[in-house]
Amino acid sequence: MKKLNVKALVSIGMLSSIAYVLMLLNFPLPVFPNFLMVDFSDIPALIAALIFGPVAGILVEFIKNILDYFMTGSATGVPVGHIANFVAGILFVLPAYYIYNKMRSKKGMVFALVTATATMAILMSILNYYVIMPAYTIFLNMPAMASPDLRQMIVTGILPFNLIKGLMITVVFMLLFTRMGSWINKQHYKSA
């Protein structure tokens, strides 16, 4: 693992701040439950990973969630949603980073982002079933959902929401990447 220099640490701080602001600009999608919110805060984490490596992407995801938890709090008192957001971000950023490093082209980036979207959506569905939704019911002191109801909510709500959110992030990132791709790649080689 390479050490992060001062430039990297300052850049991670700036990208974390941008990610936090983007996290505040969240919005629901009309057909999904209102606790599922779309935001584009994974884009700065992906940029950090592409330039400085996977640890930088993880740090941006971590810092933005810490900032959001301390600034906005959590309905449960415990950062269950922030932990879920952190894990979802990592499940999106890391596959995109590793796949793009094998296929350095625009097509490679599209493939990396689509694969990252599928990975994040599937693994977050599993985590929601076994960990996240049960944690919410415990900390909100609510009765646990019956297994078929929970499965139905995940299959009809959480899974398609994460697929749509990932594809929206993919589209926005590709619009940026077509303009900034060569700059990102140059920065990657300078920091390596």
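This is a predicted model: local features need pLDDT of at least 70, side-chain atom pairs count only at pLDDT 80 or more; totals for chains, interfaces and linings use all residues.
Let me start with F177, which, once its neighbours within four places in sequence are set aside, is in contact with Y100, K106, M109 and I184, where contact means heavy atoms within 4.5 Å. F177 is placed in helix α6, and throughout this talk helices (H or I, at least four residues) and strands (E, at least two) are DSSP runs, numbered from the N terminus. With a relative accessible area of 4%, F177 is buried; here buried means under 20% relative accessible area, exposed means over 50%, and partly exposed lies in between, with a 1.4 Å probe and protein chains only. The C-alpha atoms of F177 and V80, which are 97 residues apart along the chain, are separated by 32 Å.

Residues are numbered from 1 along each chain as its sequence is written, and side-chain values use heavy atoms, with hydrogens and water left out.

Staying with helix α6, which covers residues 147-191, we also find T178 there. M153 is another residue that lies in helix α6, and at 18% relative accessibility M153 counts as buried. Leaving aside neighbours within four places in sequence, M153 is in contact with F35, M133, M145 and I158. M153 and I12, by comparison, are 141 residues apart in sequence and 36 Å apart in space, taken from C-alpha to C-alpha.

Now to the charged side chains. How many salt bridges does the structure hold? There are two salt bridges in the structure, a salt bridge being a side-chain nitrogen of Lys or Arg within 4 Å of a carboxyl oxygen of Asp or Glu. One of them joins D42 to K64, with the closest N and O atoms 3.0 Å apart. Because D42 lies in helix α2 (residues 42-52) and K64 in helix α3 (residues 54-72), this pair ties together parts that are 22 residues apart in sequence. K64 also meets the side chain of E61 in a salt bridge, at 2.9 Å from N to O, and these two residues both lie in helix α3, three residues apart, which is about one turn of the helix. Taken together, D42, E61 and K64 are linked in a network of salt bridges.

Not counting residues up to four places away in sequence, K64 touches S16, A19, Y20, M23, S41, D42 and N85.

Helix α3 also holds P54, which touches A49, L94, Y97 and Y98 when residues up to four places away in sequence are not counted.

Let me finish with the chain as a whole. The protein chain has six helices and two strands, and from the N terminus on its elements run α-β-β-α-α-α-α-α. A compact globule of 192 residues would have a radius of gyration near 16 Å, and the protein chain has 17 Å, which agrees; that radius is taken over C-alpha atoms, and the globule rule is 2.2 Å times the number of residues to the power 0.38. Along the principal axes, the C-alpha atoms fill a box of roughly 55 × 35 × 30 Å.

Of the 192 residues in the protein chain, 45% are buried, and of the contacts with a separation of 6 or more, 71% come from residues 24 or more positions apart. The accessible surface comes to about 10,100 Å², of which 73% belongs to carbon and sulfur atoms, using the Shrake-Rupley method with a 1.4 Å probe, where for residues only the protein chains shown count as cover.
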